[in-house]
Amino acid sequence: MNNMNKQRAVMLCDAMGISGEENDVRNIIADSLKDIEIVHDRLGSIFGIKKSKKMNAPILMIATNMDEVGMMVDDILSDGRLSFVTLEEISPASLLHQRVQIWTRNHQCFYGVVSCIDTKFMEEAKSTVKLSELSIETGMTMEEAKAVFQIGDLILVDGDFMMLNEHVVSGKALYNRLMIEAILEIYENLKNDDLDYQIAFGSIAQSVIGWRGTKTATYTIRPDAALVLTGFEANHSDPSVTLGDGVLCEYYDKQMLPSRMLLKDFVSQVKTIPYFGYLGNDGSFIHKTINGTPSLAAGIAMKNIGTNAAIVDLNDVDVLVQECTAYCRTLNAEKIRAFQFEAEHEH
């Protein structure tokens, strides 16, 4: 990854982008796709459309989500602490004693710390903690906090992008923000290619809270096929994957079976390692939206997904960009149309 792209990757990963408040991320994407037509859905997803000179050219959607897990203020307590709910399932153990950012309605950022005031941690080696035991300390009194915060303000766990060595990084929201960077680099590699199909490059809003934006984005783009880029958890994976493995291709998760024709074509062109997931991803809803969209999820191994200390090998990102760029150059309109069940069934 060159220095310019690395700078953009840092900006993407460090940007505030909790579901429903993804403007900072969206602005970076819009600036990078400004040379082509930009389309949005009404939830905030954004795509740049690389047009084809051919009439009625099919559309390949290359996408990932832009939002990140977070919390929301649900009460201001009598001593000034903030009570909160999580917007997606988050392990309480991963939140305890973390520094957090609290974002107000006018997009001001304040800092706090997740605490458990019922325990003296220097005196008690507590091994478990419940979400209901946690609150956020801001150093403010109740009156001061009420002057600043409102119920509904959003909270994210602080986790600045950090280089662990020359090519391994850690930070928050890496599983999707580095995939956004990959998509933007794929676009930059292909933007001058003369293709007989269209490509929608972009990112989906409000995905981690039930894939809401995945549905609306798919209706907006109306793709003929979709390639979803994502991070796959390396911890406790079976079969085992790890950093440095290059491109992973998901063969199964509980939400989606990939298009068999698209899967067969992709793995015949790209050196991949099979991955079996369970949680689902944006492809899980893209593939069953409209009349059904042939979809495939590919990506790279990451560790600690869903925390503010995910770990990624940037060399894997580079390989993913190179392989997906090369794969797109093997595609054409006829092949994309053939991924659809009707075309397969006719033969």
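Reader: How many bridges join E1 to strand E2?
Author: Strands are DSSP runs of E with at least two residues, helices are runs of H or I with at least four, and both are numbered from the N terminus. E2 covers residues 46–50 and runs antiparallel to E1. Two strands count as paired if DSSP finds at least two bridges between them. For E1 and E2, the number of bridges is four.

Reader: Before we go on, what kind of model is this?
Author: Residues are numbered from 1 along each chain as its sequence is written, and side-chain values use heavy atoms, with hydrogens and water left out. Local features need pLDDT of at least 70 and side-chain atom pairs count only at pLDDT 80 or more, while totals for chains, interfaces and linings use all residues, since the model is predicted.

Reader: Which are the edge strands of the open sheet of eight strands?
Author: The order there is E1-E2-E12-E3-E13-E16-E14-E15, with mixed pairing. An edge strand pairs on one side only, and here that goes for E1 and E15 (273–276).

Reader: By how much are neighbouring strands of this sheet turned against each other on average?
Author: The axes are lines fitted to C-alpha atoms (for helices, over the stretch in contact), and angles between N-to-C directions run from 0 to 180 degrees. For this value direction is ignored, and the average is 30°.

Reader: And in the sheet of three strands, what is the bridge partner of Met163?
Author: That open sheet has the order E10-E11-E17, with antiparallel pairing. Its edges are E10 (162–163) and E17 (310–313), and two bridges join E10 to E11. In E11, the partner of Met163 is Val169.

Reader: How far apart are the end C-alpha atoms of helix H5?
Author: H5 has 17 residues, 174–190. The expected span is 1.5 Å times one less than the number of residues, so H5 should span 24 Å. The model agrees, with its end C-alpha atoms apart by 24 Å.

Reader: How many of the residues of H5 are buried?
Author: Buried means under 20% relative accessible area, exposed means over 50%, and partly exposed is in between (1.4 Å probe, protein chains only). H5 is mostly covered, and of its 17 residues the buried ones number 15.

Reader: Is Ala173 buried or exposed?
Author: Ala173 lies in the loop between strand E11 (168–171) and H5. It has a positive phi of about 55° although it isn't a glycine. Its relative accessibility is 8%, so Ala173 counts as buried.

Reader: Where does Trp211 lie?
Author: Trp211 also has a positive phi, about 55°, without being a glycine. At 17% relative accessibility it counts as buried. Its place is the loop between strand E12 (198–204) and helix H6 (212–221).

Reader: Which peptide bond is cis, with omega near 0°?
Author: Look in the loop between strand E13 (225–233) and strand E14 (248–252), where Pro239 is found. The cis bond runs from Asp238 to Pro239.

Reader: What separates the C-alpha atoms of Phe276 and Tyr252?
Author: Phe276 is in strand E15, and at 34% relative accessibility it counts as partly exposed. Along the chain, Phe276 and Tyr252 are 24 residues apart. Their C-alpha atoms are separated by 5.2 Å.
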